[in-house]
2 protein chains.
Amino acid sequence: MPITPPRFTLDLPDWALEELQQLPNVFPDLKDRMAAVLHFARLNTKHQSGGPFAAGVFERDSGRLIVIGVNRVIPLNCSSAHAEITALTLAQQILGCYDLGGPGMSAHQLVVNWSPCAMCFGAVLWSGVRSLVIAGADAEMMAITGFDEGPMPANWRSELERRGIELIEGLMRDEALDGFRDFAASGAVVYNGRQG
Amino acid sequence: MPITPPRFTLDLPDWALEELQQLPNVFPDLKDRMAAVLHFARLNTKHQSGGPFAAGVFERDSGRLIVIGVNRVIPLNCSSAHAEITALTLAQQILGCYDLGGPGMSAHQLVVNWSPCAMCFGAVLWSGVRSLVIAGADAEMMAITGFDEGPMPANWRSELERRGIELIEGLMRDEALDGFRDFAASGAVVYNGRQG
């Protein structure tokens, strides 16, 4: 075993910390929440600080911003550092609770620039959010970028509903796809599992 | 936004670091790998340092131990800090690569004391491991503990195979279930998402 205790620190790139300081505290309009997420996804491509994905955690009703996270797989050498897990994990740290739907808490919403992959679908279920907003869920993102979403349960939409998580789809789909096209044109690495 | 930059550190409890120093560097026998994982799972219950789950990453052919991780959801306030994600993430840090099946690397194996949940199934796919060893995959664990595995794709076994990940099931199932019974008897919190 290595003498150094194994540990992993999940954080955001410097540009994201600076952008977060510039954002309003509250996003009453749902479209503005997605626009902020799409902005972070594009900047993550531009700064080559991870894959072209971003996710924001907001209070569902007030629109108060908790945090926006981005994909950090390659820069942090962590295959599970997808945007959703990054955002949910950082939100849980900020709020001091592993359950974003815990007793006495406001309802929280996750806003993402595409549908969750097989892993992040499960992460959404366990996070405690009560609302998931996505720009799209069809095959177009995979066709443009080459990213693999993995095998989803056939009834993933009804599984969300059954667990009390509302799903809102198709918000700013065209703008999201434009961001993926920029990523594809950048020549950046698509990090699907097992390159070897 | 909070002025403090949001970040999250994933690490192991002190007892686990001490145990790791005591373990052999190499586990040629597959059953010994699972026995070590079951030992960590039991200790995690005993020390109340997370749920009753542990996962080890080994070189598949040599049996060299990379790391054993444990569930850290409640102590670290992180709903995705399941044993599998903890072990895979720490192994990727130790090896300096987000892909445990990357070019020039040995084949790696994940050994877990039960089948992965919906989230961890996806995490296994993206991790680059080429072998998954589990003590069981039936409903008995959920019946004993109350933990929810979530909705899995119906064909999850063949999806592993299709992606070049071998699956070995049923290794030390009875011993694993004994560990879950100890957890259930301890009265510890079952942290399924959304307590509120």
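How many helices and strands are there in chain A? Chain A has eight helices and six strands. Keep in mind as you read that this is a predicted model.

**The fold of chain A**

The C-alpha trace of chain A spans about 45 × 45 × 40 Å along its principal axes. Chain A has a radius of gyration of 16 Å, which agrees with the value near 16 Å that a compact globule of 196 residues would have. Of those 196 residues, 52% count as buried. Contacts also reach across the sequence: among those in chain A between residues at least 6 apart, 68% join residues at least 24 apart.

**How the strands pair**

Let us turn to the strands. Within chain A, strand E4 (residues 108–112) runs parallel to strand E5 (residues 131–134), and four bridges join them. In that pairing, Gln109(A) stands opposite Ser131(A) of E5(A). E5(A) is also joined to strand E6 (residues 166–169) of chain A, again in parallel and by four bridges. Here Ser131(A) has Glu166(A) in E6(A) as its bridge partner. Helix H5(A) comes into the picture too, for E4(A), H5(A) and E5(A) make a right-handed β-α-β unit.

One further pairing crosses from chain to chain: E1(A) pairs with strand E1 (residues 7–11) of chain B in the antiparallel sense. The pairings can be set side by side:

| Strands | Sense | Bridges |
|---|---|---|
| E4(A) and E5(A) | parallel | four bridges |
| E5(A) and E6(A) | parallel | four bridges |
| E1(A) and E1(B) | antiparallel | five bridges |

In the pairing between the chains, Thr9(A) has Thr9(B) in E1(B) as its bridge partner.

**Where the two chains meet**

The same surface serves both copies, since 100% of the contact residues of chain A recur in chain B.

In this pair, 58 residues of chain A are in contact with 58 residues of chain B. On the side of chain A that touches chain B, the elements giving two or more residues are strand E1 (7–11), helix H1 (14–22), strand E3 (65–70), helix H3 (73–76), helix H4 (83–95) and helix H5 (118–127). H5(A) provides the largest share of that side, with eight residues. Sorted by class, the side of chain A that touches chain B has 34 nonpolar, 19 polar and five charged residues.

**Two residues to look at**

Ala184(A) lies in helix H8 (residues 173–186) of chain A. Is Ala184(A) buried, partly exposed or exposed? Ala184(A) counts as partly exposed because it has 17 C-beta neighbours inside 10 Å. Leaving aside neighbours within four places in sequence, Ala184(A) is in contact with Ile144(A) and Thr145(A). Ala184(A) and Pro52(A) are 132 residues apart in sequence, and their C-alpha atoms are 9.2 Å apart in space.

In chain B, Asp138(B) lies in the loop between strand E5 (131–134) and helix H6 (140–145). Asp138(B) has 13 C-beta neighbours inside 10 Å, so it counts as partly exposed. Asp138(B) and Pro6(B) are 132 residues apart along the chain, with 38 Å between their C-alpha atoms.

Key
Residues numbered from 1 in each chain as written. Chains lettered and ligands numbered in written order. Predicted model: local features only at pLDDT ≥ 70, side-chain atom pairs only at ≥ 80, totals over all residues. Contact = placed C-beta atoms within 7 Å. Buried ≥ 20, exposed ≤ 12 C-beta atoms within 10 Å, placed from the backbone. Rg over C-alpha atoms; globule rule 2.2 N^0.38 Å. Nonpolar A, V, L, I, M, F, W, Y, C, P; charged D, E, K, R; others polar. Pairing = 2+ DSSP bridges. Right-handed = clockwise from strand over helix to strand, strands pointing away.
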